[in-house]
Amino acid sequence: MNLNNLFREMKKRWLSILLYGLLIIFILNPDAKSWVLQQLVSAGLFRAEIKKEDMNRSLQGTATFSFTDSLGNTIAISDLKGKVVFINFWASWCPPCRAEMPSLEELYRRLKDDNRFVFLFINEDEDRNKAIRYFEKNNFTMPLYYRIGQVSNEIFSGTLPTTVVINKEGKVVLKHEGMADYNAEKFIRELKELL
């Protein structure tokens, strides 16, 4: 096949070549995957919801586990009774986690000054420095935490991202596995109804 025939063939199949090229980019580049997923989140296709019936009853029981902050201070979930606790388990290598991070940052910025809320962004990276670098690169201000030991499967079964909301009594009222838009007005209203 000569060069002219090759160009003619490429012109006929330009859309297929483009789609295959984009597919390769999405497979090999986590930032590209995250960007596409982020567009889907911001379009409102993935919404979190605390259902009314779950506000007054526990989904899985009482949450009990401990975590540490970046300074090595250990805190138990039971120490946070009386507050609404928002927990997000994530990792820097996880495209869905990265896709929802901007909405989590905005939610945190909106509610961080209300001391009735506690935000725990629990990193699951083996190398904690990767999480720190990822936050610094993206100018995220959310506090980083790391879990200590095992967490019951009712709270975190290993799926990333997983988001859990615990009411003031220490009961789980939301467990959402997968990405979502947490900065939506409806979700913020539902969080405030837990106060």
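Residues are numbered from 1 along each chain as its sequence is written, and side-chain values use heavy atoms, with hydrogens and water left out. As the model is predicted, local features need pLDDT of at least 70 and side-chain atom pairs count only at pLDDT 80 or more, while totals for chains, interfaces and linings use all residues.

**View 1. R109 and E105 pair up within helix α5.** A whole-structure search turns up six salt bridges (a side-chain nitrogen of Lys or Arg within 4 Å of a carboxyl oxygen of Asp or Glu), and this is one of them, at 2.6 Å from N to O. Both residues sit in helix α5, residues 95-111, four residues apart, or about one turn (helices are DSSP runs of H or I, at least four residues, and strands runs of E, at least two, numbered from the N terminus). E105 is buried at 3% relative accessibility, whereas R109 is partly exposed at 40% (buried is under 20% relative accessible area, exposed over 50%, partly exposed in between, with a 1.4 Å probe and protein chains only).

**View 2. R116 reaches D114 in a salt bridge.** The closest N and O atoms here are 2.8 Å apart. D114 counts as buried, with 19% relative accessibility, while R116 is partly exposed at 43%.

**View 3. K175 and E177 make a salt bridge.** Their closest N and O atoms lie 3.6 Å apart. K175 is partly exposed, at 22% relative accessibility, and E177 is also partly exposed, at 39%.
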